[in-house]
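Biologist: Could you walk me through reading a contact between chains, and then a helix?

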There are 2 protein chains.
Amino acid sequence: MSSENTLDDEDTFKILIATDVHLGYLEKDAIRCNDSYNTLNEILKCAKTNQVDFILLGGDLFHENKPSRRCLHSCITMLRQYCMGDSPIRFNILSDQTVNFNTTQFPWVNYQDENLNISIPVFSIHGNHDDPTGAEGLCALDLLSASGLVNHFGHSHSVERIEISPILLQKGSTKLALYGLGSIPDERLYRMFVNNQVTMLRPKEDQDKWFNLFTIHQNRSKHGPTNYIPEQFLDDFLDLVVWGHEHECLIAPTRNEQQLFYVTQPGSSVATSLSPGEATKKHIGLLRVKGRKMNLHKIPLKTVRQFFIQDVVLGDYQDLFTPDTPHATKKVEEFCYAKVDYSGGFETFNTSRFSQRFVDRVANPKDIIHFLRRREQKEDIKDEVNVDYGKLIKTAAVEGLRVEDLVKQYFEAAEQKVQLSLLTEQGMGKAIQEFVDKDEKDAIEELITYQLEKTQRHLQARGVTTEQDIDAEVLFRDSKKNTTEEENEIREAMNRARAHRLERGDNALDADILDELAEPMDSDEGSVPFPAPTRGRGRGSRGRGGRGRGRGEDCKLMFSKFIEECRCDTRQ
Amino acid sequence: MSSENTLDDEDTFKILIATDVHLGYLEKDAIRCNDSYNTLNEILKCAKTNQVDFILLGGDLFHENKPSRRCLHSCITMLRQYCMGDSPIRFNILSDQTVNFNTTQFPWVNYQDENLNISIPVFSIHGNHDDPTGAEGLCALDLLSASGLVNHFGHSHSVERIEISPILLQKGSTKLALYGLGSIPDERLYRMFVNNQVTMLRPKEDQDKWFNLFTIHQNRSKHGPTNYIPEQFLDDFLDLVVWGHEHECLIAPTRNEQQLFYVTQPGSSVATSLSPGEATKKHIGLLRVKGRKMNLHKIPLKTVRQFFIQDVVLGDYQDLFTPDTPHATKKVEEFCYAKVDYSGGFETFNTSRFSQRFVDRVANPKDIIHFLRRREQKEDIKDEVNVDYGKLIKTAAVEGLRVEDLVKQYFEAAEQKVQLSLLTEQGMGKAIQEFVDKDEKDAIEELITYQLEKTQRHLQARGVTTEQDIDAEVLFRDSKKNTTEEENEIREAMNRARAHRLERGDNALDADILDELAEPMDSDEGSVPFPAPTRGRGRGSRGRGGRGRGRGEDCKLMFSKFIEECRCDTRQ
């Protein structure tokens with residue numbers, strides 16, 4: 001710490017960055033009920049200890065759109081405990097605050113409210129879990145902003161076009177433009193980027209003096225053709241992007257070589273899914289910005305319950321048992337109990353009995369073990385030239401491809417005429433529009449059913465039968481455009497995002513820094529959506545059935561385990 | 001106003017009293033959606049305009065136990081708008097605030113919090129609508145108290161015994177002891193009073209210098225033998241009781257001649273039921289306390305939608321039509337439309353067609369008209385000596401007596417042996433206990449069914465058949481005690497409540513008032529539970545079938561109407 005403190009001076013912004021706190025997650029669980037609360041407490045305490053200028057949250061402060069009373073009460077209490085007090089605020093806001101804070105009747109930063117004594121301002125965008133709903137477009141954060149405890153920003157009220165107007169902050173000689181965009185359904189935002197409906201405003205003067213920090217809460221990993229936001233869509237005048245929503249902690253900034261900005265993905269402060277990305281150590285960040293230089297120091301979270309995950313391939317232990325070994329199941333169970341392992345054409349054993357043995361030692365006995373059985377040998381879809389529909393369908397089901405990928409491939413191979421007849425089917429346009437507008441679960445399901453039936457009927461007409469009950473999302477295509485046109489639009493969107501660099505002719509490397517930059521973390525070997533130095537696939541393991549690729553085993557199982565005892569700072 | 005201001009000085013507490021704001025009531029109604037919000041705004045504005053020392057709310061600030069986001073957001077916003085600011089607070093708190101404000105981690109009055117700039121402290125008990133629930137025992141008010149916007153007091157955490165510790169306030173030479181008790185199921189609280197489990201603590205010194213103000217949120221009108229709180233249960237050292245929960249505005253203080261204290265019943269600030277009590281003009285009160293003297297000035301609420309109610313007896317218009325008149329129904333409808341009226345063996349007409357005519361003129365077209373048909377001639381039960389069970393059951397059904405009354409009468413007449421066999425029935429005690437403990441709807445229904453079946457079986461064994469589907473509540477009796485013992489206990493509870501007057505030997509008339517005491521309001525002619533000068537039955541019309549007594553008509557109908565246009569101050 002002492003060496004870091006030498007970095008601090010009157011020109012250096014000191015910002016605590018965290019995201020996806022998911023307050024209230026599993027709050028009814030007998031063991032883990034306090035986890036999310038303990039960690040928010042740790043984060044706020046850390047901010048106070050480090051005397052940061054402000055806290056920046058990347059969305060999903062709350063796990064539920066309508067947090068429980070306990071959840072709101074705890075949050076309010078902690079914010080009042082840690083973020084109110086006499087420490088002076090050492091930065092100013094230069095922008096029009098009525099534009100920045102447009103969700104309350106108090107459109108000014110909380111620390112400038114003469115009736116509130118704020119020591120640590122919190123700036124937060126909303127996430128997909130705590131997004132605005134209802135006729136008033138209010139989200140849970142707005143209760144906090146009405147109370148003066150949080151500064152909710154980055155809420156776009158228009159679905160037609162998004163103008164992101166930065167909060168312009170100045171501390172000493174450092175100018176920080178803080179951009180934010182609360183969660184929007186990925187497909188809609190993707191489309192808006194492509195259609196040139198997203199604009200990031202910039203101060204007219206001294207453009208090259210500003211450090212441009214953007215907070216976003218979207219899919220970073222590619223969950224489908226348009227179900228994520230490519231980094232290349234983001235303007236290249238940015239210096240650092242704080243990427244929320246993705247739960248894997250990849251907090252060490254990675255450089256996007258096209259846009260020449262950095263991206264930090266702090267990851268959630270609580271593990272909410274049993275995926276490898278959640279098993280890595282959780283961190284928050286202490287970001288320092290001085291002039292155009294930055295330094296990100298990662299701080300491990302102590303209260304996060306450690307989660308272990310391990311794939312075990314039973315086929316690797318043929319010396320111990322094969323599917324034909326007498327009492328193989330029992331032996332496998334014993335083996336798993338002793339060492340943690342399993343796989344290869346074996347019968348599954350009773351997991352709840354198995355779990356019983358861990359009741360006193362792990363926090364998630366019920367889901368400690370998962371059986372995964374590969375249906376079929378993997379084949380590389382990318383090599384397909386002449387589409388074999390039957391194979392395509394099967395492969396998709398096995399590999400967990402979305403129907404949108406599937407249908408896209410189908411259209412790319414099918415004749416133009418068939419394509420049009422599919423897409424102009426009465427009611428289809430309306431249903432898609434409803435989905436786009438409302439992102440409503442019912443509409444999705446309805447549409448999926450509708451589309452699956454249509455698609456399957458077409459495929460069946462060509463002798464294809466689907467064997468799998470495919471869980472899927474939906475196709476987004478404009479029936480008037482062909483693939484080339486669409487690709488051109490995407491390319492244009494990316495070019496627009498790079499325009500600023502060409503304009504200003506400078507090199508974003510200025511924003512680099514370097515002493516004490518946090519070490520890059522280990523990442524899994526995921527595919528990267530664009531040839532950029534982003535790290536791993538983030539929450540890619542959310543996809544269905546695609547785990548353990550390349551091993552080719554028939555059956556494997558996954559161990560997931562939370563420690564039962566959790567190091568917790570007791571809340572005051 | 002000018003004459004009143006002469007009353008104000010540095011020794012005079014100026015308190016705005018209001019209750020049952022029911023924020024969020026009908027917030028989804030197309031016409032009345034903003035009513036409750038407009039009125040809270042008016043109340044807070046009124047408090048600010050009158051520069052009161054504090055606001056005292058008698059419970060049910062929220063209509064829903066879990067208020068909507070809009071509701072919480074509006075409430076927080078209005079409180080922050082009106083109750084924060086630079087006006088100095090001119091009174092002190094002398095009591096132990098950790099005892100007074102025991103529901104937050106900030107156990108001190110909000111205006112003494114160094115991080116909040118409060119101009120008007122709000123003190124509130126909770127009501128039955130916004131009562132504490134869940135493992136944490138939190139209520140919606142606690143979100144406001146955690147935010148520092150409201151001082152929630154009077155929350156008893158024990159179900160074993162209640163100690164009401166006053167907030168001791170001093171302004172100049174005036175000492176005000178503010179007692180509060182948040183809503184508790186009436187039967188339980190009644191029983192606790194009888195069992196001497198309720199204690200109101202008093203400061204040891206200068207007892208006769210304190211003005212003792214008590215806020216309570218319970219049934220004041222008798223809804224059953226133990227389903228209300230008799231004023232006589234309340235300690236006679238009190239000077240004024242602010243009675244919440246009852247919606248009828250009976251704000252002019254009435255004197256209880258036994259206890260020699262005054263009771264003011266401000267009534268709700270929004271009409272939530274179509275009863276005569278809700279049709280009277282709504283008011284809030286400006287209470288001044290100087291030494292042991294008080295003055296209550298009633299302030300009419302301007303934003304409350306006026307509600308009209310009228311009983312129309314068709315039998316009074318035999319010159320126009322009788323049930324035998326050709327096209328009587330049509331004529332009655334026309335008559336009603338023209339003048340508002342109806343009754344006496346007539347057929348009912350189509351009310352929704354009727355209502356259509358008022359769509360543009362009233363706010364509640366759907367329930368503008370109610371047909372009521374008396375089943376039978378009333379008879380006076382009190383004269384019964386030899387119980388005729390059949391008659392008793394019938395009368396009860398007609399008169400809307402509760403089964404508890406009925407069973408009580410039955411027991412009073414029946415032999416001791418039968419009584420015991422009924423009450424010691426297996427499971428009965430447990431069910432009653434559950435009801436007492438949880439006040440849970442399911443438990444009640446279960447118990448009612450159980451008890452009704454038992455009772456009816458006993459009655460039927462004596463040749464009685466019940467013709468009515470009786471909607472009822474439940475008997476509370478200790479099977480070990482006979483009626484005389486119970487009556488003695490109640491008498492003792494009342495004697496205890498009067499003990500202080502005997503002790504101190506003074507006369508509570510000191511607390512009397514003076515100039516400009518609000519005029520008593522008109523009240524309906526209800527029965528009074530005790531020979532006390534209380535006014536009317538409050539929400540007595542909530543009872544079933546008891547309306548319009550003494551008229552003896554066969555059929556009548558009730559008109560209820562809210563004005564459609566509402567004078568509203570637009571919220572800022």
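Predicted model: local features only at pLDDT ≥ 70, side-chain atom pairs only at ≥ 80, totals over all residues.

Biologist: How do I read the way the copies are arranged?

Modeller: In general, two copies of a chain are related by a rotation about an axis and a shift along it. Here, a rotation of 180 degrees with 0.1 Å of shift along its axis puts chain A onto chain B, with an RMSD of 0.1 Å. That is the relation of a two-fold axis. In chain A, Leu116(A) has the C-alpha nearest the axis, 2.5 Å from it. The same surface serves both copies, as 96% of the contact residues of chain A recur in chain B.

Biologist: Now the helix. Which residues of helix H6 in chain A are buried?

Modeller: H6 covers residues 186-194, and Asp186(A), Glu187(A), Leu189(A), Tyr190(A) and Phe193(A) are buried.

Biologist: Why do the buried residues of H6(A) line one face of the helix?

Modeller: An α-helix has 3.6 residues a turn, so residues three or four places apart point the same way. Looking down the axis of H6(A), the buried residues fall within an arc of 165 degrees, so they line one face. Just after H6(A), Asn196(A) takes a positive phi of about 60 degrees.

How values were computed:
Residues numbered from 1 in each chain as written. Chains lettered and ligands numbered in written order. Least-squares fit on C-alpha atoms with pLDDT ≥ 70 in both. Contact = placed C-beta atoms within 7 Å. Buried ≥ 20, exposed ≤ 12 C-beta atoms within 10 Å, placed from the backbone. Helix = DSSP H or I, 4+ residues; strand = E, 2+ residues; numbered from the N terminus. Arc of directions from axis to C-beta.
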